[in-house]
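Subject: Structure handover and findings

Hello,

Here is the structure I said I would pass on. Please look through it first; my notes follow below.

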Amino acid sequence: MHTATAQRTAAAPSAVRETLECRPEAAARARHLTSTFLEALRPAPDQGAADAVLLIVSELVTNAVRHSGGRFCSLRVSADPDAITVAVGDASRVPPHRRTPDVRGEGGGFGWPMISGMATATTVSEEPGGKTVSAIIARRGRVSGRATAPTPS
């Protein structure tokens, strides 16, 4: 007797949603969750987009840990055919802003300009109990904040 079997493919998750404790290891956890999500996407984002998403996740979660004053922050990463959206919520109502980078110490100032340069759009939404900072990253054709020709598939 011959039995045909259908190959099953697991559907990629539509989004990652996680509540993280505002502790130093939160950024590493967020990168791990995001990396796993990105690996499951089909078609996969190009390498420049994946790198940008991971860096933006790390920066936004690190900022929430350092500056929000809250105990928790939230991470949401979602994808559509053209873009990946990263959203990080925290307990502070103070929006990110550009400031002079501190090239001599731990003062920071590099993250928001970097995020703004890599993302096709950024938004800051006031939420009950804080804010959510979102960044949209093109799945193809943008590397380091500059438009590039799409790579042939």
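Is Ala135 buried or exposed? Ala135 is buried, with a relative accessible area of 0%, where buried means under 20%, exposed means over 50% and partly exposed is in between (1.4 Å probe, protein chains only).

Before the rest, the conditions. This is a predicted model, in which local features need pLDDT of at least 70 and side-chain atom pairs count only at pLDDT 80 or more, while totals for chains, interfaces and linings use all residues. Residues are numbered from 1 along each chain as its sequence is written, and side-chain values use heavy atoms, with hydrogens and water left out.

Overall picture

The protein chain has 3 helices and 7 strands, taken as DSSP runs numbered from the N terminus (helices: H or I, at least four residues; strands: E, at least two). Read from the N terminus, the order is β-α-α-β-β-α-β-β-β-β. Of the 153 residues in the protein chain, 35% are buried. The accessible surface of the chain is about 9,400 Å², and carbon and sulfur atoms hold 52% of that; the areas come from the Shrake-Rupley method with a 1.4 Å probe, and for residues only the protein chains shown count as cover. Among contacts (heavy atoms within 4.5 Å) with a separation of 6 or more, 64% are between residues 24 or more positions apart.

With neighbours within four places in sequence left aside, Ala135 is in contact with Ile56, Ile84, Thr85, Val86, Ile115, Ala119, Ala121 and Thr122.

In soluble globular proteins, nonpolar side chains tend to be buried together. A nonpolar core here is a set of buried Ala, Val, Leu, Ile, Met, Phe, Trp, Tyr and Cys residues joined through side-chain atoms within 4.5 Å. The largest such core has 32 residues, and those touching the most other members are Ile56, Val57, Leu60, Val61, Val77, Val86 and Ile137. At least two core residues come from each of β1 (15-21), α1 (26-40), α2 (47-67), β2 (72-79), β3 (83-90), α3 (111-118) and β5 (130-138). The most come from α2, which gives 9 residues.

Ile137 is one of the residues named above for touching the most other core members. Not counting residues up to four places away in sequence, Ile137 touches Ala49, Ala52, Val53, Ile56, Asp82, Ala83, Ile84, Val86 and Thr120.

Helix α3

Which residues of α3 are buried? They are Gly111, Trp112, Ile115 and Met118. These residues lie on the same side of α3, because they cover an arc of only 135 degrees around the axis; the arc is that of the directions from the helix axis to the C-beta atoms. An α-helix has 3.6 residues a turn, so residues three or four places apart point the same way.

Cysteines

How many disulfides does the structure hold? There are 0, a disulfide being a pair of cysteine sulfur atoms within 2.5 Å. Cys22 is in no disulfide, and the nearest cysteine sulfur to its own, that of Cys73, is 4.1 Å away. Both residues are buried: Cys22 has a relative accessible area of 17%, and Cys73 has one of 3%.

Salt bridges

The whole structure contains 4 salt bridges, each a side-chain nitrogen of Lys or Arg within 4 Å of a carboxyl oxygen of Asp or Glu.

- Arg29 and Glu18: the closest N and O atoms are 3.6 Å apart. Arg29 is in helix α1 and Glu18 in strand β1, 11 residues apart. Arg29 is partly exposed at 39% relative accessibility, as is Glu18 at 26%.
- Glu25 and Arg23: the N to O distance is 2.6 Å. Glu25 is partly exposed, with a relative accessible area of 42%, and Arg23 is partly exposed, also with 42%.
- Glu126 and Arg93: the closest N and O atoms are 3.0 Å apart. The pair links distant parts of the chain, with Glu126 in strand β4 (residues 121-127) and Arg93 in the loop between β3 and α3, 33 residues apart. Glu126 is exposed at 62%, whereas Arg93 is partly exposed at 47%.

Regards
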